[in-house]
Amino acid sequence: MNLALFTYFIPAAFLAVPMYKTMGVYGLLNSQWALILAMTTIAAPYSIWVLKQASDKLPYELDEAAKMDGASPLQLFRLVYLPLMMPSLVAIGTYSLLLAWNEYLYAFLLLSNDRDVTLGVALGNFLAADDSPWELLMTTGLIYALPPAAIYYTFKRYMVGGLTAGAVKS
Amino acid sequence: MATVSFQNIEKSFGHTKVIQGISFDIREGEFMVLVGPSGCGKSTLLRMLAGLEEITGGTIAIDDKVVNDIESKDRDIAMVFQSYALYPHMTVGENMAFSLKLRRADPKMMADRVAHASKILNLDPYLERFPRELSGGQRQRVAMGRAIVRDPKVFLFDEPLSNIDAKLRVAMRAEIKALHQRLKTTTVYVTHDQVEAMTMADRIVVMHDGRIEQIGAPLELYDHPDNLFVAQFIGSPAMNVMNGKVRRDGGAAHVEVAGGVRWPLVHGPGAEGQAVAYGIRPGDLRLASPDAEGAVAAEIVVVEPTGAETELLIQAGDDQLILVTHGRPKVNPGERIGLTIDPAKVHVFDQGTGARLAA
């Protein structure tokens, strides 16, 4: 389990070339799917680790209680576990989203079509011009910063734990 | 209401056999308590009845219908867990209604049942609260409410009071008993606390090492324990037990224990010279003056007044005994006293097998 976290010891830049080659093999270059898959791969180990930690804390008795109450495995998952995992799900969702939102290297590498590039890369492109349009850069930068702030603010209450308090005697 | 029947139940975890062929019946509407030290298999037995544990051998029947291969949810039983196991993201009302909701019960009936249960358990003011906002006792009541709304054939309780502080435990004990008297649902209750067993049960099953030591009404177990284990397990403080040999030579029969003390024997169980365990309940020992006739010489070691009762730790020969008296005897540590007993209240067991010797 913790081995998955070791993948973070390998710098993203180091994986950029293999990732590029892999996407090339699958014919995904210049497709938004390439970036989506790459970012999912990068976010997965940490997300799995967080979910594992959170699900380990769910008391086993809830499983048995729900079974006795007549819940099928699917109902158990949907009605008991999913709501209890919500804070962790929101947390890793936010983490993955912001990670992808801020990504530059892979987005720059995997998408080269002007219409496909992400906002982060586009911002960089402003600087690549001989005469940088600073007013455009600043405005776009401000707009670029708004969604993460909004997302964080919206899901703030989920970020705090303690939803499982009161289930079993601790 | 239902009957429950265990027939030759066995349970193994890997190569370890934890339940060794247990058979007994629970009558309709009975409050049956399974009691024993930890690891005796009582919880496993309950979990097999609940359907949370596979049955290795034998059959369990509810209302004469074998349930071995029936899923928990179709056995029509409800269970209260030691840790309450409330759904933390649901309110008290939702917790109680959950099982009915899963069965797609009629909303009107669902509301009625929850209202009924919350009234019985005085949970009305808390229906909208979450478990985390309740005290331990209230949470345990919600757990019971969850069982009540289902109106099951059998209630199962798995050490429901172990997580509650001592004072509340006594109150909840009475509450559960009152609840049973009101609903008259067949109940199986597991505990390691013999006081809980004694106070609540219609009948008690005393278990030890995966076997049944004795089944009977609380006072029956107290007055006529079948063996040394039951004698020492039931009753608080525990029975005083001294090892000695039966002597019948000349004069009254008695048991001579280490240190040369002679304890009287009236009905005369046991053969001459037989090694026996001589048991006497702390409440059956009487204080007397040291030179009273037939009294055993002893010395007070510790005096523990608790108000209504006084507990005395007494040294008699090589043995230390506990005496409980309702009075407030004026004795001091180190004082020489005499002990008398009613020989009819003596319990004599074989030292080797632990079996009670016919009196």
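The following passage describes chain A as a whole, then a helix pair and a loop residue in chain B. The model is predicted: local features need pLDDT of at least 70, side-chain atom pairs count only at pLDDT 80 or more, and totals for chains, interfaces and linings use all residues. Residues are numbered from 1 along each chain as its sequence is written, while chains are lettered from A and ligands numbered from 1 in the order in which they are written.

Chain A has 9 helices and 0 strands (DSSP runs numbered from the N terminus; helices are H or I of at least four residues, strands E of at least two). Its radius of gyration, taken over C-alpha atoms, is 21 Å.

In chain B, the axes of helix 4 (residues 136-148) and helix 5 (residues 166-183) come within 11 Å and cross at roughly 20°. Axes are lines fitted to C-alpha atoms over the stretch in contact, with angles from 0 to 180 degrees between N-to-C directions. Helix 4 of chain B is therefore roughly parallel to helix 5 of chain B (angles under 35 degrees).

B:Ser162 lies in the loop between strand 7 (154-158) and helix 5 of chain B. With 15 other C-beta atoms within 10 Å, B:Ser162 is partly exposed (buried means 20 or more, exposed 12 or fewer, partly exposed in between; C-beta atoms are placed from the backbone). The C-alpha atoms of B:Ser162 and B:Ala295 are separated by 42 Å.

Definitions and conventions:
Parallel < 35°, antiparallel > 145°, perpendicular 65-115°, else oblique. Rg over C-alpha atoms; globule rule 2.2 N^0.38 Å.
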